[in-house]
Amino acid sequence: MTITDEEANSYLKFRGHEFLPPALRDPEVHIMPDKISGAANVNFDELGAMKKKESDDLTTRMMSYVFRGTQRVTATGTLESQNGEGKFTLTSLTV
């Protein structure tokens, strides 16, 4: 099955609220033959406050201490899929 950028971004726009944290806004993905990238506006203040209530997620808490307000976050990596499962390997992250 082939999924285009347009289809993936439409799905995120209309259904992303069902599974993405509310602190993540305007998500988008770009699918290329050798890599995939995604970007979103992340409100680290909101994300940190939300995670403190839900769990002891140290990584999220540390990120909310380092970054403040809303920042554009972009991740790039490779995606391998087989037998109905996918594996994403992160190669770069920019805040």
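How many salt bridges does the count come to? The count is 4. The model is a predicted one.

Strands of a sheet pair through backbone hydrogen bonds, in either a parallel or an antiparallel way.

Now take the pairings in turn. Strand S1 covers residues 24-31 and strand S2 covers residues 36-43. They run antiparallel, joined by 6 bridges. The two form a hairpin, with 4 residues between them. Within this pairing, Glu-28 stands opposite Ala-39 of S2. On to strand S3, residues 70-82: 8 bridges join it to S2, again antiparallel. Here Gly-38 has Ala-75 in S3 as its bridge partner.

Next come the charged pairs. Side chains of opposite charge can pair when their charged atoms come close. Glu-46 forms a salt bridge with Arg-25, with the closest N and O atoms 2.7 Å apart. Glu-46 lies in helix H2 (residues 44-54) and Arg-25 in strand S1, so this pair ties together parts 21 residues apart in sequence. Both ends are partly exposed: Glu-46 has a relative accessible area of 27%, and Arg-25 has 37%.

Helix H2 takes part in another such link. Asp-45 forms a salt bridge with Arg-68, the closest N and O atoms being 3.8 Å apart. Asp-45 lies in helix H2, while Arg-68 is in the loop between helix H3 (58-66) and S3, so the pair ties together parts 23 residues apart in sequence. Asp-45 is partly exposed, at 39% relative accessible area. Arg-68 counts as exposed, at 52%.

A further pair is Arg-15 with Glu-18, whose closest N and O atoms are 2.7 Å apart. Arg-15 is partly exposed at 39%, and Glu-18 is partly exposed at 48%.

Leu-79, Phe-88, Leu-90, Leu-93 and Val-95 make a patch of about 460 Å². Strand S4 (residues 85-94) gives the largest share, 3 residues. Leu-93 lies in this strand. Its relative accessible area is 48%, so Leu-93 is partly exposed. Patch residues must be over 30%, and Leu-93 passes that cut-off.

Technical notes:
Residues are numbered from 1 along each chain as its sequence is written. This is a predicted model: local features need pLDDT of at least 70, side-chain atom pairs count only at pLDDT 80 or more; totals for chains, interfaces and linings use all residues. Side-chain values use heavy atoms; hydrogens and water are left out. Patches are made of residues with over 30% relative accessible area and no salt bridge: like charges are joined within 9 Å, nonpolar side chains (Val, Leu, Ile, Met, Phe, Trp, Tyr) within 5 Å. Accessible areas come from the Shrake-Rupley method with a 1.4 Å probe; for residues, only the protein chains shown count as cover. A salt bridge is a side-chain nitrogen of Lys or Arg within 4 Å of a carboxyl oxygen of Asp or Glu. Buried means under 20% relative accessible area, exposed over 50%, partly exposed in between (1.4 Å probe, protein chains only). Two strands pair if DSSP finds at least two bridges between them.
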